[in-house]
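Here is a short briefing on one protein chain. Look over the sequence and the structure before reading on.

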Amino acid sequence: MAKRISLLHLLSLCAMLFSTPSLSSTDSFVYGGCSQIKYSPNSPYDSNLNSLLTSLVNSATYSAYNKFSVMGSSPHDVVYGLYQCRGDLAMPDCASCVAAAVSHLGRVCSQACGGAVQLQGCFVKYDNTTFLGVEDKTPVLRKCGPSIGDEAVEIGGRDAVLESIAGASGPYRVGGAGDLQGVAQCVEDLSVSECGDCLSEAIRRLESDCGSAVYGDMFLAKCYARYSTSKPHDYPKSNDSSLNEGQKRFAIILGLLAGVALLIIFLTFMRRAFGQNGK
C-alpha cells in the first residue's frame, strides 16, 4: 500500500508540473544580452552576484525600481545591478516579472560577468563595471510592424502622440489619440534631463525607422519608446530559444517518468491479481 501511495504521489506531481501555466504577456521575453567575460564558479564574484540578484528579487515585492552595489575584497569582485518594472504594473506583477527576468539571466548568461534581460513588464541588468547613473543611448532592439493599406499608421498623428510623450514628465509616460497608443519609459537612475534626452533619441529613431508601420518599438540601453495602433503586441516566445528547448526537454523527461510510474502500477496490480487467483 505504501508503494502504491508513493507512486500515486509521483503521478500527481507529474500532473501538476505538466499543468504549470504558460508565461503571461508581462513575463514574455523581449531581448537579452550577456558580456563575453566569464567569472569562475564559487568565486567571490559568483557569491556577490547571487547576493545582488536575491536583493533585486526581494526588493521587487515592494518597489517598482531599485539599484544595488555589492562590494568585494577587491575591485574585481564588485557587482552592480538594477531592475525596473513598467510603470503601470501592480506590485505582485512587478515581483513576478523581476523573478522571471532573473531566472532568464541564470539560463542565458550563465557565468557571464554582465547581463541584461528585458521582458514585457520589466528590465533587469547587472555588470562588474558600474553603469548606474550613466546615460546610454546605444540602440539595443528595433522592431517595426507591417505597413499595409488602410491599416498603415497616419504618420502625422503618430508623431504628434510621440512628441507629446517626449514633452511629458516622469520616467513612465503614456499617450494616445483614437486607436493610436504610445508609451515610453526611462530607467530611473537617469536624471530628469538625461531621461528627456534618451527618450528624444528613441522617439527620433522610431519615427525615422518605422515609417508608417502599424506598430513600432525602439529600445535603447537606458530607455524605450513604443507605439501601436491596436492592443499591445507581444514578442513570440520563440525569441527565447533556450527557454523553449528547455521546456521541451523537461516535458520529455516528465513524460518518461510518468510512463514508468504507470507501468510499475500496472505490473504491481497484475502480480497481485494473479497471486490471488493462484491461492
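This is a predicted model: local features need pLDDT of at least 70, side-chain atom pairs count only at pLDDT 80 or more; totals for chains, interfaces and linings use all residues.

The chain has 279 residues, and 40% of them count as buried. Six helices and ten strands make up its list of elements.

**The whole chain**
- The chain exposes about 14,700 Å². Carbon and sulfur atoms supply 59% of that area.
- Take the contacts with a separation of 6 or more. Residues 24 or more positions apart account for 67% of them.

**The nonpolar cores**
- The largest nonpolar core has 28 residues. Leu-49, Val-98, Leu-119, Val-124 and Tyr-126 have the most contacts inside it.
- Two helices, H2 (44-59) and H3 (91-108), each supply at least two residues of this core.
- A second, separate core has 21 residues. Val-161, Cys-195, Cys-210 and Ala-225 are among them.

**Leu-119**
- Which residues does Leu-119 touch, not counting those up to four places away in sequence? Among them are Thr-26, Asp-27, Ser-28, Phe-29 and Val-30.
- Leu-119 also touches Cys-97, Ala-100, Ala-101 and His-104.

**Val-108**
- Val-108 lies in helix H3.
- Val-108 and Gly-33 are 75 residues apart in sequence. In space, they are 8.0 Å apart, C-alpha to C-alpha.

Key
Residues are numbered from 1 along each chain as its sequence is written. Side-chain values use heavy atoms; hydrogens and water are left out. A nonpolar core is a set of buried Ala, Val, Leu, Ile, Met, Phe, Trp, Tyr and Cys residues joined through side-chain atoms within 4.5 Å. Buried means under 20% relative accessible area, exposed over 50%, partly exposed in between (1.4 Å probe, protein chains only). Helices (H or I, at least four residues) and strands (E, at least two) are DSSP runs, numbered from the N terminus. Contact means heavy atoms within 4.5 Å. Accessible areas come from the Shrake-Rupley method with a 1.4 Å probe; for residues, only the protein chains shown count as cover.
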